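Dear colleague,

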4 protein chains.
Amino acid sequence: MERIRIFVTGGTFDKEYNELTGELFFKATHVDDMLKLGRCRLPVEIETLMMIDSLQMTAADRGRILERCATAAESRIVITHGTDTVAETAAVLGRKLSAKTIVLTGAMVPYKFGSSDGMFNLGTALAFVQTLPPGVYVAMNGQYFPWNGVRKNRKLGVFERIR
Amino acid sequence: MERIRIFVTGGTFDKEYNELTGELFFKATHVDDMLKLGRCRLPVEIETLMMIDSLQMTAADRGRILERCATAAESRIVITHGTDTVAETAAVLGRKLSAKTIVLTGAMVPYKFGSSDGMFNLGTALAFVQTLPPGVYVAMNGQYFPWNGVRKNRKLGVFERIR
Amino acid sequence: MERIRIFVTGGTFDKEYNELTGELFFKATHVDDMLKLGRCRLPVEIETLMMIDSLQMTAADRGRILERCATAAESRIVITHGTDTVAETAAVLGRKLSAKTIVLTGAMVPYKFGSSDGMFNLGTALAFVQTLPPGVYVAMNGQYFPWNGVRKNRKLGVFERIR
Amino acid sequence: MERIRIFVTGGTFDKEYNELTGELFFKATHVDDMLKLGRCRLPVEIETLMMIDSLQMTAADRGRILERCATAAESRIVITHGTDTVAETAAVLGRKLSAKTIVLTGAMVPYKFGSSDGMFNLGTALAFVQTLPPGVYVAMNGQYFPWNGVRKNRKLGVFERIR
């Protein structure tokens with residue numbers, strides 16, 4: 001089986017509750033714990049690129065994600081990302097990369113908060129990355145969207161196909 | 001988007017703890033709750049065929065699942081199933097059905113028990129059913145297996161490719 | 001068995017995660033759900049006085065809590081409260097009320113977030129209110145503190161006895 | 001603060017799900033994890049006496065619990081116990097010991113199963129043991145019962161006062 005690379009960039013997925021300040025913050029990624037919980041047996045390599053809220057993500061950050069996707073040895077890549085700007089990052093990647101299958105996913109509720117969609121989304125992303133043809137996609141709400149046909153409806157908190 | 005049919009047959013997935021007897025039992029399926037938790041927006045139709053431990057599943061039960069897969073209007077079908085005999089049911093379906101994409105999945109730990117792989121597996125199954133070519137598959141451990149190339153390793157509690 | 005009154009004032013206890021904004025907010029109290037989960041069979045009457053972060057609590061709010069404690073028919077009262085100023089509210093009550101057993105409690109992590117101390121604290125508060133002599137107390141960290149001998153150590157996130 | 005001894009005897013409290021066999025079993029106690037989750041800062045000493053279903057508990061087992069309660073240095077003792085025969089063990093202790101405050105508690109649902117009453121019950125037991133006069137008690141459903149005035153209503157799954 002071909003190895004899958006997972007790039008971690010932060011996002012709601014990995015947020016935790018700081019009980020001293022009452023604020024949300026990032027510590028380390030939970031993706032490895034989530035894969036253990038899912039009894040996942042895929043060969044994966046997890047690499048944390050950054051741990052930020054996607055509203056804070058800069059063009060330089062996106063450039064770094066693009067560069068790592070391009071240079072990674074793997075041709076199948078999952079990226080965990082904040083949902084607010086995941087479509088923007090997907091577009092940056094989609095315009096430049098066409099030889100690899102890249103699936104971006106995120107969560108509406110932190111994994112640690114009990115009622116998270118994270119496990120479900122990570123499952124769909126890892127399945128889509130194994131089966132979709134080369135291209136850049138966003139996996140949310142059980143669906144996959146091509147990078148140039150998706151937006152987040154922030155009012156409803158769901159992803160929609162455009163065009 | 002094409003509608004996906006989900007057939008529920010029971011299995012660990014849907015087991016609950018009876019606090020009066022200390023035993024595990026079946027009440028109703030949790031698949032709809034799980035889809036809500038996953039913020040799933042796929043058009044699905046959930047149909048409970050039976051609620052049994054897969055070690056109790058008879059040839060007649062498998063015949064009924066086969067018949068419902070054959071007659072269902074949908075060409076993409078997910079089946080939740082106990083893991084102990086899911087490969088056996090997959091084989092019954094695989095020998096007869098080739099025009100539909102059918103993905104069987106299950107869980108090692110009940111959804112209600114907190115540490116379940118159910119959300120992850122349901123995510124992978126729903127993604128695989130949208131993207132795999134017609135055929136019958138088992139989705140477990142983040143992977144998909146063709147019906148004639150899978151067995152459960154009961155000692156390790158994982159699924160393995162055979163042949 | 002004597003009825004216990006539970007006054008809800010908000011606090012971390014009852015905070016929820018708003019998945020559209022990524023912020024914490026108050027909806028309704030979870031105290032009734034928590035009592036159900038605890039299989040609690042005490043006769044209780046739950047009354048929501050306010051739903052606020054205790055850092056926002058004004059002298060008028062504390063006056064209202066004091067007034068409701070004084071006029072309530074019950075002589076045993078539990079108050080759920082944000083931890084940041086729970087000692088301050090306890091002092092307001094303690095200086096005026098001496099004929100009732102009043103136990104204030106809270107949580108460091110919201111009940112809904114999985115890793116909450118809320119269930120444990122609510123359990124201790126309901127036990128202390130049944131067994132302690134009249135007076136005003138704070139129940140946190142498994143302990144009870146008299147109103148005039150407690151402070152929150154915000155650096156460590158724990159309560160300490162003073163004097 | 002006086003140190004509290006916690007004797008672990010097993011019971012539903014500490015049961016886990018064996019995902020290879022689908023059966024419930026005992027591994028190690030979760031009481032220390034539960035105290036951490038409750039941010040408990042009481043000085044406690046946890047000692048596992050046995051890890052059994054209380055329906056399997058023999059007179060010899062009860063004799064051992066009695067002996068350890070009698071010889072322990074602490075005068076305040078909490079015992080975690082299966083609910084089915086907790087009243088029987090309480091009676092064995094109650095007839096012999098009158099100088100210490102001993103509180104037995106349990107859970108209807110395993111701590112690991114998400115919907116457990118364990119955290120709540122442990123909270124009440126630790127509070128009661130600090131505040132009740134010497135004697136032997138059962139703490140369940142938010143209440144405390146003297147050892148000679150309690151029975152489990154197995155039909156309803158709750159504890160009742162008798163006499």
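What follows is a short account of what was found.

Please keep in mind throughout that this is a predicted model. The predictor gives the complex an ipTM of 0.97 and a pTM of 0.96, and for chain A the pLDDT averages 97, with 100% of the residues scoring at least 70.

I would begin with the sheet in chain B. Strands of a sheet pair through backbone hydrogen bonds, and they can do so either parallel or antiparallel. Here six strands make up an open sheet with mixed pairing, and their order in chain B is β4-β1-β5-β6-β7-β8. At the edges are β4 (44–52) and β8 (143–146) of chain B, each of which pairs on one side only, and from one strand to the next the twist averages 20°. Within this sheet, strand β1 (residues 4–10) of chain B runs parallel to strand β5 (residues 76–80) of chain B, and four bridges join the two; if you look for I6(B), you will find that it stands opposite V78(B) in β5(B). Helix α2 (residues 59–71) of chain B packs on the sheet, where it touches β1, β4, β5 and β6 (101–105) of chain B, and the direction of this helix makes about 170° with that of β4(B).

Chain B also has a hairpin, formed by β2(B) and β3(B), with four residues between the strands, and in it G22(B) takes a positive phi near 75°. Strand β2 (residues 15–18) and strand β3 (residues 23–26) of chain B run antiparallel and are joined by four bridges, and K15(B) has F26(B) as its bridge partner in β3(B).

Turning to the contact between chain A and chain B, you will see that 30 residues from chain A and 30 residues from chain B take part. The size of an interface is often given as the accessible area lost when the parts come together. Between chain A and chain B that buried area is about 2500 Å², and carbon and sulfur atoms give 64% of it. On the chain A side, R39(A), R41(A) and F120(A) lose the most area to chain B, together 26% of what that side buries. How many salt bridges are counted between chain A and chain B? The count is zero.

Finally, how are chain C and chain D related? A rotation of 180°, with 0.0 Å of shift along its axis, superposes chain C on chain D with an RMSD of 0.0 Å, which is the relation of a two-fold axis. The same surface serves both copies, since 100% of the contact residues of chain C recur in chain D.

With best wishes

Technical notes. Residues are numbered from 1 along each chain as its sequence is written. Chains are lettered from A and ligands numbered from 1 in the order in which they are written. This is a predicted model: local features need pLDDT of at least 70, side-chain atom pairs count only at pLDDT 80 or more; totals for chains, interfaces and linings use all residues. Side-chain values use heavy atoms; hydrogens and water are left out. Two strands pair if DSSP finds at least two bridges between them. Axes are lines fitted to C-alpha atoms, for helices over the stretch in contact, and angles run from 0 to 180 degrees between N-to-C directions. Contact means heavy atoms within 4.5 Å. pLDDT is the predictor's confidence in each residue, from 0 to 100. Copies are superposed by least squares on the C-alpha atoms of residues with pLDDT of at least 70 in both. Buried area is the accessible area (1.4 Å probe) that two parts lose on being put together, summed over both. A salt bridge is a side-chain nitrogen of Lys or Arg within 4 Å of a carboxyl oxygen of Asp or Glu.
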